[in-house]
Structures are given as C-alpha cells and as structure tokens.
Amino acid sequence: SSGINAEWPLRPGDEENTMCVFNIYIVKIMLGLYMMLAAVLMLNLLVAVFSSTYEEIQENSKTLWKRQKFDLMVEYRSRSPLPVPFSTILHCCRFIKLVIKNTCGRLSGCCADDPSDIP
C-alpha cells in the first residue's frame, strides 16, 4: 500500500487507518476548542479595553464639562445683552467711557485719586 489516499475508503478491519481517522477527529475537536477559547479570550480583552476607556472618560468628563461651562460663560459675558441693531449703541457708550477714562488718567487733577469714586 502506498498510503492513506490509496486505501481510502477504509476497510472495516484496518486498524492503522482507523487510528489515523481517529487522530483527525481529535485534531478537529482540539482545533474547535482552541478557536472557541481564543474567541472567548478576545471578547474578554475587548470588554477590558472598553471598560478602561470608559473609566478614563468618566474621570475626565467633569473637568471637561467645567471647562466648557467656563468657556460658554466667557463667551456670553463678552457679548452684548442687546440684539444686533441696538448693540452698536452699547458699544459706542463703552468706547466713550474707555476714551474718557484713558484721557482722564493722563490729565492730572481731572479725576479723583480714589478709584471707588468712579462710577
């Protein structure tokens, strides 16, 4: 006989070929168990990575929320409370106050020395 392929299909009394087929089934079963174990381990690793990422995001979420709230408050503080056509009047009033404050500071004796006297 030249090998398994020459004698395939198996004859009922041939023990060598029966043992070979038995080994093939053992290999297939072990490969299946290995693949299932590998899939379970990979899934476990994926859950661990997601858990770590979630915890990291939770730690940074309050800091990020406070920073965004601060940025929003600064943005609204810098804007005019009036709608767009009327905001030009407010900007002009602020500009006039700034000019008066700067020129008053340059001229001696124009304004009081105490900053609490300035409205």
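This is a predicted model: local features need pLDDT of at least 70, side-chain atom pairs count only at pLDDT 80 or more; totals for chains, interfaces and linings use all residues.

Mentor: Happy to! Searching the whole structure for disulfides, meaning pairs of cysteine sulfur atoms within 2.5 Å, turns up zero. Cys-92 has its closest cysteine sulfur in Cys-93, but the distance is 7.0 Å, so the two are too far apart for a bond.

Residues are numbered from 1 along each chain as its sequence is written, and side-chain values use heavy atoms, with hydrogens and water left out.

How open are these cysteines to the outside? Here we sort residues by relative accessible area (1.4 Å probe, protein chains only): under 20% is buried, over 50% is exposed, and in between is partly exposed. Cys-92 has 46% relative accessibility, so it counts as partly exposed. Cys-93, at 41%, is therefore partly exposed too.

Now for helix H2, which covers residues 84-106. Helices here are DSSP runs (H or I, at least four residues), strands are E runs of at least two, and both are numbered from the N terminus. Ser-87 sits in H2, and with 10% relative accessibility it counts as buried. Its side chain reaches the backbone oxygen of Val-84 at 2.9 Å. That is a polar contact: a pair of N or O atoms within 3.5 Å, where within protein one must be able to donate a hydrogen and the other to accept it, and residues adjacent in sequence count only if both atoms are side-chain atoms. Leaving aside residues up to four places away in sequence, Ser-87 touches Ser-80 and Leu-82, where contact means heavy atoms within 4.5 Å.

Next, the charged side chains. Side chains of opposite charge can pair when their charged atoms come close. A salt bridge needs a side-chain nitrogen of Lys or Arg within 4 Å of a carboxyl oxygen of Asp or Glu, and the whole structure has two. In one, Arg-79 meets Glu-75 at 2.8 Å, N to O. Arg-79 is partly exposed at 47%, as is Glu-75 at 34%. In the other, the closest N and O atoms of Arg-67 and Asp-71 are 3.6 Å apart.

Met-42 belongs to a nonpolar surface patch with Leu-43, Leu-45, Leu-46, Val-47, Val-49 and Phe-50, together showing about 720 Å² of accessible area. Patch members have over 30% relative accessible area and no salt bridge; nonpolar side chains (Val, Leu, Ile, Met, Phe, Trp, Tyr) are joined within 5 Å, like charges within 9 Å. Accessible areas come from the Shrake-Rupley method with a 1.4 Å probe, and for residues only the protein chains shown count as cover.

Finally, step back to the whole chain: two helices, zero strands, and 6% of its 119 residues counted as buried.
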